[in-house]
Amino acid sequence: MTSPVVELRGLPSHVGIIMDGNGRWAQLRGLPRTEGHRAGSAAVRRVVRASRRLGVRALTVYAFSEQNWARPEDEVGTLMELLQEFLVSERGEILGNGIRLQAVGNLERLPAFVRTVLDPLAAESAGNHDMTLTLALSYGGREEIAAAARELSIEVQAGRMRPDDITAEALRARMPSLAVGDPDLVIRTGGEQRISNFLLYGLAYAELVFSDKLWPDFGADDLYAAVAAYQGRERRFGRVGKGVAPLSPTKAQV
Ligand code: IPE
Ligand code: IPE
Ligand code: MG
């Protein structure tokens, strides 16, 4: 396969990825689902590297949803171990390449052995600004909206804000996942065409690209193909677009 042509002009600034299909990847090989998650972890490495090289400013990867806690205990346990291993093994790559690592979601629910590697890496990389890598962990878009609404209601109750101050922007400003800006492009792998509670509020005008590839099979070229598809779209944000070229007179008469 020849690499898709990506222009360096008009890159999406913030890319979100719903990394789906690890379980099916393993099942297709007669392996336990956890092996799919292991292979998925290697795919995260490849895609982080490719995004940084491309010049994407912010990459948000959906690694574990608030709803994923309902999976079998051993699968959740393996996912947490892989997350910890990822943070340990990528530490050098993150710090050495100007990557700022942060996490969004209900982090209180994460086990202590994850927090003890996550928190120091987030603190140490906080001054980096080549690319922000955000891990969405124990994350839910609805939960994030509810948390922002709670914060605003506290402000109103304390008399620091009026109900009229509760604007779309006031809500947006209280969503940690959007501190890097709204996502421009959101990719979902694994063939399903749904959002599964990812970045709900920020998705308003994101371009969506769905890939049939299972996440462990997703590589740099697939990322480039998604970015090239994004570059071929016309974002209108509710306004009137450039439209299509007018028909030539002969064609118009037909
Ligand atoms: C994505 O792969 C990883 C997580 C949701 C943690 P899945 O585990 O959902 O894989 P499928 O969708 O069952 O194939
Ligand atoms: C979305 O995948 C969550 C992550 C990729 C972390 P799921 O596999 O959990 O989503 P559903 O259940 O198919 O909607
Ligand atoms: Mg899935």
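Which elements each supply at least two residues of the shell around ligand 1? In this predicted model, those elements are α1 and α2. The legends below begin with that site.

View 1. The residues around ligand 1 are Met 19, Asp 20, Gly 21, Asn 22, Gly 23, Arg 24, Arg 33, His 37, Ala 63, Asn 68, Arg 71 and Leu 79. With 3 residues, α1 gives the most to this shell. By class, the residues of the shell divide into 3 nonpolar, 5 polar and 4 charged.

**View 2. Backbone contacts of ligand 1 at Gly 21, Asn 22 and Gly 23.** A polar backbone atom of Gly 21 is 3.4 Å from an oxygen atom of ligand 1. For Asn 22, the distance from a polar backbone atom to an oxygen atom of ligand 1 is 3.1 Å. At Gly 23, a backbone N or O atom lies 2.9 Å from an oxygen atom of ligand 1. On its own, ligand 1 has 380 Å² of accessible area, of which the protein covers 87%.

View 3. An oxygen atom of ligand 2 lies 3.1 Å from a polar side-chain atom of Asp 20. In the side chain of Asn 68, an N or O atom is 3.0 Å from an oxygen atom of ligand 2. A polar side-chain atom of Arg 71 lies 3.2 Å from an oxygen atom of ligand 2. The protein covers 78% of the 390 Å² of accessible area that ligand 2 has on its own.

**View 4. The largest pocket, the space taken by ligand 1 and by ligand 2.** This pocket holds about 670 Å³ of space. Of the 32 residues that line the largest pocket, Met 19, Asn 22, Tyr 62, Ala 63 and Phe 64 lie nearest its centre. Two or more lining residues come from each of α1 (22-28), α2 (33-54), β2 (58-65), α3 (73-96) and β4 (131-139). The lining comprises 15 nonpolar, 10 polar and 7 charged residues.

**View 5. The second largest pocket, with about 270 Å³ of space.** This pocket is lined by 15 residues, and the closest to its centre are Gly 105, Asn 106, Glu 144, Ala 147 and Pro 176. The elements that give two or more residues to the lining are β3 (99-104), β4 and α5 (141-157). The largest share, 4 residues, comes from α5. In the lining of the second largest pocket, 6 residues are nonpolar, 4 polar and 5 charged.

**View 6. The largest cavity, lined from α2 and α3.** The count comes to 1 cavity of 30 Å³ or more, and the largest cavity has a volume of about 40 Å³. Its lining consists of Arg 45, Val 48, Arg 49, Phe 86, Glu 90, Glu 93 and Ile 94. Both α2 and α3 supply at least two residues of this lining, and α3 gives the most, with 4 residues. The lining of the largest cavity has 3 nonpolar and 4 charged residues, with no polar residues.

Definitions and conventions: Residues are numbered from 1 along each chain as its sequence is written. Chains are lettered from A and ligands numbered from 1 in the order in which they are written. This is a predicted model: local features need pLDDT of at least 70, side-chain atom pairs count only at pLDDT 80 or more; totals for chains, interfaces and linings use all residues. Side-chain values use heavy atoms; hydrogens and water are left out. On a 1 Å grid over the protein atoms alone, a cavity is a set of points where a 1.4 Å probe fits but cannot get out, and a pocket is an open set with protein on both sides within 12 Å along at least five of seven lines; lining residues have an atom within 4 Å of a point. Grid points are joined across faces, edges and corners, and a volume is the space filled by probe spheres set on the points. Ala, Val, Leu, Ile, Met, Phe, Trp, Tyr, Cys and Pro count as nonpolar, Asp, Glu, Lys and Arg as charged, and the others, Gly among them, as polar. A polar contact is a pair of N or O atoms within 3.5 Å; within protein, one must be able to donate a hydrogen and the other to accept it, and residues adjacent in sequence count only if both atoms are side-chain atoms. Accessible areas come from the Shrake-Rupley method with a 1.4 Å probe; for residues, only the protein chains shown count as cover. A molecule sits in a cavity or pocket if more than half of its atoms lie within 2 Å of its grid points. A residue is near a molecule or strand if one of its heavy atoms lies within 4 Å of it.
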